[in-house]
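Good morning, and thank you for making the time.

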Amino acid sequence: MIHYHFACNDPHSHYFSVEAIFAEVAKDFTYVYLPAWRPGKYQLADFAKNVQRLTAYDGDYNPLAVKKVKKDCWQVQTKDVETLKLQYNYFAFKIDAGSTYVDEYEWYINPINCAVFDPDRMDEQCEISLHFPEGFQVATSIERKSKHVFVAKDYYELVDTPFIAAQNIAHDRFELNGIQFHLWFEGECRPDFDRIKQDFKAFAQAQIRSMEEFPVNEYHFMYKLPSYPLRHGVEHGNSTMIAFGPGFKLMEDQTYQSFLGISSHELFHTWNVKAIRPVEMKPYRFNEENYSPLGYVAEGVTTYFGDLFLLRSGVFDFDTYTHQFNKLLNQHLHNYGRFNLSVADSSFDTWLDGYEPGIPGRKTSIYIKGGLVAFILHAYILRDTNLEYGLEDVMKKLYQNFAKQNQGYAEADYKEAIESIAERHYDDEFE
Ligand SMILES: [Zn+2]
């Protein structure tokens with residue numbers, strides 16, 4: 001069991017103090033790491049740069065020798081030590097869908113940023129205690145053991161779980177096919193829950209009907225709504241964290257459409273990338289680049305289906321849908337990088353400059369070109385099968401043959417799934 005205590009004595013400083021406790025150490029040296037990146041953004045982020053003053057102790061708080069051996073790795077002398085306690089401060093002053101932030105009004109924590117790990121103990125149960133102020137409510141997807149204590153089955157689940165603790169969190173829920181869907185809103189907003197639930201039920205139903213089953217039996221849409229423009233979502237196994245603003249415009253037409261778009265996109269990620277995962281990222285290795293050519297499937301297919309399910313469910317009318325689609329086309333056609341780097345190579349290179357404009361004309365977008373490639377593949381499969389099958393059948397196949405067997409898929413598996421459904425070779429398309 002690994003235990004993490006989070007406290008914040010001075011919220012104005014935006015520092016959390018963290019204590020990580022590793023029981024039953026039994027090693028002469030323990031190497032603890034902080035992740036160098038987070039799933040969903042395939043580029044190094046080096047969260048260790050937010051760590052201040054890391055110290056190590058045994059169970060009785062006798063100091064232990066600790067030495068930094070890599071930019072995000074600490075070596076601790078643990079010979080004859082039963083319990084290792086690490087203490088450090090984490091600077092929590094960034095707001096997006098994958099960051100950590102603290103002030104006097106809220107605790108917003110993505111443990112992937114700030115929870116250290118021992119690579120030898122990834123599968124052990126983790127407990128996280130959040131000593132937030134009296135009167136705070138908590139939004140999270142994880143099991144709650146007591147008021148301040150939450151339990152994850154292992155480190156992977158812990159770091160796949162965002163927390164928002166704040167005074168005012170609006171919450172509602174709906175049920176679909178026996179699955180509980182939660183809606184959490186924190187920030188300056190007035191969500192019209194009746195309308196939101198009606199639309200969410202419709203697109204979630206369309207996705208589940210098409211994919212035939214949902215990977216989890218409970219799902220949490222978590223929104224953090226600042227008062228300024230922001231649109232950023234991160235997918236998790238049974239939740240999504242979406243930072244979206246301005247919150248006070250949430251229910252206005254254009255903003256609401258954008259809100260539906262990102263929500264449907266993130267929900268489809270529950271299958272595509274969280275369950276159906278590139279083999280290069282299974283399991284995630286948090287301290288190095290996990291290079292994969294499949295970003296265009298993870299993000300492109302999700303971009304394409306996110307909007308398509310809004311159309312199929314009637315949440316978007318055809319004009320709204322084509323307006324979104326035209327945006328993709330426009331952005332793609334104005335990017336001359338498409339002549340210089342394929343979308344698969346651009347997937348590989350997200351680790352270099354995947355989330356910034358980069359130098360002119362160097363690369364394509366796994367979201368935009370990836371979405372258009374998904375559309376083309378979908379159209380080809382429909383043509384090849386007299387409209388009987390589409391790209392969703394490919395995703396369904398990958399879900400059954402790989403995700404449900406707890407295996408990652410390779411690019412060759414994706415191609416093979418397409419070919420087996422379309423009943424022809426796709427060598428030219430994949431060249
Ligand atoms: Zn995405």
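Is Asn386 buried or exposed? Asn386 is exposed, at a relative accessible area of 71%. Here buried stands for under 20% relative accessible area, exposed for over 50%, and partly exposed for what lies in between, with a 1.4 Å probe and protein chains only.

Before going further, a word on the basis of these values. The model is a predicted one, in which local features need pLDDT of at least 70 and side-chain atom pairs count only at pLDDT 80 or more, while totals for chains, interfaces and linings use all residues. Residues are numbered from 1 along each chain as its sequence is written, and side-chain values use heavy atoms, with hydrogens and water left out.

Let me stay with backbone geometry. Asn386 sits in the loop between helix H9 (368-384) and helix H10 (391-401), and its phi is positive, about 50 degrees, although the residue is not a glycine. Asn406 is a further non-glycine residue with a positive phi, near 60 degrees. The loop that holds Asn406 runs between H10 and helix H11 (411-422), and Asn406 counts as exposed because its relative accessibility is 57%. As for these element names, helices (H or I, at least four residues) and strands (E, at least two) are DSSP runs, numbered from the N terminus.

There are also cis peptide bonds to point out. The bond from Gly245 to Pro246 is cis, with omega near 0 degrees, and Pro246 belongs to the loop between strand E20 (239-245) and H4. The bond from Lys282 to Pro283 is likewise cis, its omega being near -5 degrees; Pro283 is placed in the loop between H4 and H5.

Which residues coordinate the zinc ion? The donors are His265 through NE2, His269 through NE2 and Glu299 through OE, at 2.0 to 2.1 Å. In sequence these donor residues follow the spacing H-x3-H-x29-E. Distant parts of the chain are linked here: His265 is in helix H4 (residues 253-268) and Glu299 in helix H5 (residues 295-312), 34 residues apart. A donor, in this context, is an N, O or S atom within 2.8 Å of the metal (3.2 Å for Na, K and Ca); water is not among the atoms, so sites may look incomplete. His265 counts as buried because its relative accessibility is 12%, and Glu299 is buried as well, with a relative accessible area of 2%.

Why does Phe132 count as buried? Its relative accessible area is 5%, so Phe132 counts as buried. Setting aside neighbours within four places in sequence, Phe132 is in contact with Trp107, Val138, Arg144, Lys147, His148 and Ala165, where contact means heavy atoms within 4.5 Å. From Phe132 to His148, 16 residues along in sequence, the C-alpha to C-alpha distance is 7.6 Å.

Ala7 is part of strand E1 (residues 2-7) and, at 21% relative accessibility, counts as partly exposed. Residues up to four places away in sequence not being counted, Ala7 touches Phe16, Ser17 and Trp107.

For another pair, consider Ser342, in the loop between helix H6 (318-333) and helix H7 (343-348). Ser342 is partly exposed, at 32% relative accessible area. Its C-alpha atom is separated by 35 Å from that of Leu158, 184 residues apart along the chain.

Finally, the chain as a whole. The protein has twelve helices and 20 strands. How large is its radius of gyration? The value is 22 Å, which agrees with the figure near 22 Å for a compact globule of 431 residues; the radius is taken over C-alpha atoms, and the globule rule is 2.2 Å times the number of residues to the power 0.38. Along the principal axes, the C-alpha trace spans about 70 × 45 × 45 Å. Of the 431 residues, 57% count as buried. Among contacts between residues at least 6 apart in sequence, 67% join residues at least 24 apart.
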